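Me: I'm new to protein structures and would like to learn about the spaces inside one. Could you walk me through it?

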Amino acid sequence: MTAQMIARPVEAPGATRASAEIARRALRKYFRTPGLFAMGLVQASLFLFCFRYVFGGAVTTGARSYVYYLVPGYVATIVLFTGGGIAVAVADDRAQGFTDRLLSLPVPRRALVIGRAIADASTNAWSICATVAFGFLFGFRLEGGAQAALAALGLCLVYGVVFTFVFMVMGLVAPNVQAAQGMSMIAFVFAFISSTYVPVDSMPGWLQAFARYQPVTPMVDAVRAALIGSSSDVGLALVWSALLIGIFGPIAVLRYRYA
Amino acid sequence: MTLTTPVTSGGPPGTEPGTALIEARDLTVRFGKVTALDGLDLVAPPGEVLAILGPNGAGKTTFVRTIATLVAPTSGTLAVRGHDVVCHPLAVRRQIGLAGQYAAVEPTMTGRENLVMTARLFGHPGPDADRAASVVIDQLGLEEVADRRCGTYSGGQRRRLDLGAGLVGAPRLLLLDEPTTGLDPAGRGEVWGAVRALVAAGTDVVLTTHYLDEANELADHVVVIDHGKTVASGALGDIKAGIGQDVIEVAVADPARLEQVGQILVRVTSRPPRLDRSGRRARASTTEGASDLGAVIQGLSDAAIAVDEIGLRRPTLDEVFLAVTGAGTGAGAGAGTGAGTGAGK
């Protein structure tokens with residue numbers, strides 16, 4: 001043993017530095033766990049493939065190929081499929097005692113939430129790009145130009161943050177990892193009963209009411225609109241996003257503060 | 001006879017009230033209907049290793065989590081080096097390092113990456129964090145595995161890393177919640193060695209354990225808690241002395257004659273002996289140490305019982321533990337038996 005001493009830190013870390021550190025750890029875990037990032041890609045490609053070539057033929061979306069309907073919908077809602085991993089990761093950190101370690105450190109509680117959101121926004125951007133690449137393979141083309149594509153990407157990233165907070169809260173309230181996994185399944189209801197894969201008009205009337213007014217439909221419609229360079233439909237999606245972040249973000253921070 | 005040493009606010013002479021390492025006053029923690037801590041009083045002076053002993057479910061872990069600001073007291077007060085855990089949680093967090101019951105490290109990161117991350121989260125700027133990690137790696141003998149992902153570590157290595165994560169912020173107080181639970185003897189030895197080195201270097205340590213030998217090995221000051229209350233507190237020797245009785249222990253060559261030895265012990269000491277069949281040992285408390293020992297030897301010789309070993313000794317912590325928590329407690333008896341082999345050495 002050496003006689004070297006560690007000096008005591010002068011002050012506790014600020015929210016920015018702490019968030020960056022927490023994001024870094026979440027990203028390392030993601031990219032170093034093949035099951036997390038590789039399986040995400042496999043899942044995305046299989047899903048797109050099945051919808052494009054198996055179900056797609058039976059869906060009527062106007063004159064254009066179904067792939068132009070499918071790809072914007074899928075990239076807009078991709079977090080609803082990968083988000084189970086967020087809920088599970090958060091619940092697992094609690095179960096393993098990793099959350100206790102973080103909470104015993106002089107770290108601002110909001111950094112735990114912001115750091116996680118930064119990490120998930122990054123993995124989400126990666127999933128979106130990979131999915132669009134698969135979309136190209138299946139016949140999708142960006143026709144609205146770079147600006148339209150960037151606007152659509154921006155919206156998808158915002159949705160990613162929105163649903164990250166929702167899934168984080170699931171992981172924080174679930175009694176165990178399995179329960180977190182189970183709770184995250186509710187996302188499928190919102191993903192499927194929406195305009196993501198089929199036009200809402202094709203659903204029975206009683207279901208249309210839910211499909212039309214739940215948050216995912218305006219979000220998906222906004223991405224489709226952005227991709228063709230129309231911004232007219234974006235407002236409602238942004239309002240929903242702000243509302244959901246405003247509700248679930250603070251709940252997540254409070255759950256950590258009084259965990 | 002009461003074994004509970006009255007807890008006074010001062011600690012040892014020279015320690016002012018309020019600068020105690022830990023000061024709990026009527027500390028109560030409830031989770032719904034479950035009362036985990038039930039009016040716990042405890043004052044631990046700085047500069048000593050405090051072991052919190054108790055059966056499973058006694059409230060040890062809850063107490064450590066309350067010190068670590070992970071659980072808020074329902075009522076009562078708790079101060080760590082004078083900082084109240086409710087009013088000044090950030091100040092408390094800056095004083096402590098926690099190594100939990102579970103190895104709370106990130107398995108996909110290397111040992112060094114884990115330590116650097118934790119150091120930064122303690123507030124060390126980048127280069128300082130790297131340096132702190134290196135010092136801790138050196139200190140805990142993790143050089144060879146530091147740059148491997150810690151998912152590949154042995155149990156003992158992983159616990160040491162967990163300990164290191166508690167240390168990189170140079171805490172004044174290291175909290176160890178059952179630091180060796182689930183480790184094999186070699187792993188326990190590794191962790192004990194590391195803790196001793198830290199204590200020698202001046203870190204205050206509070207540890208919980210249900211291994212009595214662990215408290216014996218590491219602690220200066222022992223608090224026994226049961227059902228969320230302090231049932232005994234004091235220096236290890238004082239608690240043992242508080243029992244006021246020595247123990248006569250006899251190991252027989254032929255296990256079939258253990259009952260007979262038991263009868264001799266009852267006759268001499270007038271106390272129920274404890275018989276350990278697998279260890280071929282019988283023991284009984286005695287207030288008349290030497291003369292009772294002579295009488296027992298005489299009795300054994302009259303009955304022509306071959307003896308491997310016989311002796312008079314101070315009670316082990318197992319025996320103290322059973323005495324203060326009450327042998328009727330299922331968990332207490334279980335912990336006593338479980339640790340018996342370890343403490344018998």
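This is a predicted model: local features need pLDDT of at least 70, side-chain atom pairs count only at pLDDT 80 or more; totals for chains, interfaces and linings use all residues.

Reply: Residues are numbered from 1 along each chain as its sequence is written, chains are lettered from A and ligands numbered from 1 in the order in which they are written, and side-chain values use heavy atoms, without hydrogens and water.

Me: How many cavities of 30 Å³ or more does the structure hold?

Reply: On a 1 Å grid over the protein atoms alone, a cavity is a set of points where a 1.4 Å probe fits but cannot get out; a pocket is an open set with protein on both sides within 12 Å along at least five of seven lines; lining residues have an atom within 4 Å of a point. Points are joined across faces, edges and corners, and a volume is the space filled by probe spheres set on them. Counting cavities of 30 Å³ or more gives 4.

Me: Which helix gives the most to the lining of the second largest cavity?

Reply: Helices are DSSP runs (H or I, at least four residues), numbered from the N terminus. The second largest cavity has about 80 Å³ of space, and α2, α4 and α6 of chain A each supply at least two residues of its lining. With 5 residues, the most comes from α2(A).

Me: How many charged residues are in the lining of the second largest pocket?

Reply: Asp, Glu, Lys and Arg count as charged; Ala, Val, Leu, Ile, Met, Phe, Trp, Tyr, Cys and Pro as nonpolar; and the others, Gly among them, as polar. This pocket has about 510 Å³ of space and 26 lining residues. They divide into 9 nonpolar and 13 polar, and the charged ones number 4.

Me: Is A:F55 buried, partly exposed or exposed?

Reply: A:F55 is found in helix α2 of chain A. Buried means under 20% relative accessible area, exposed over 50%, and partly exposed in between (1.4 Å probe, protein chains only). A:F55 has a relative accessible area of 45%, so it is partly exposed.
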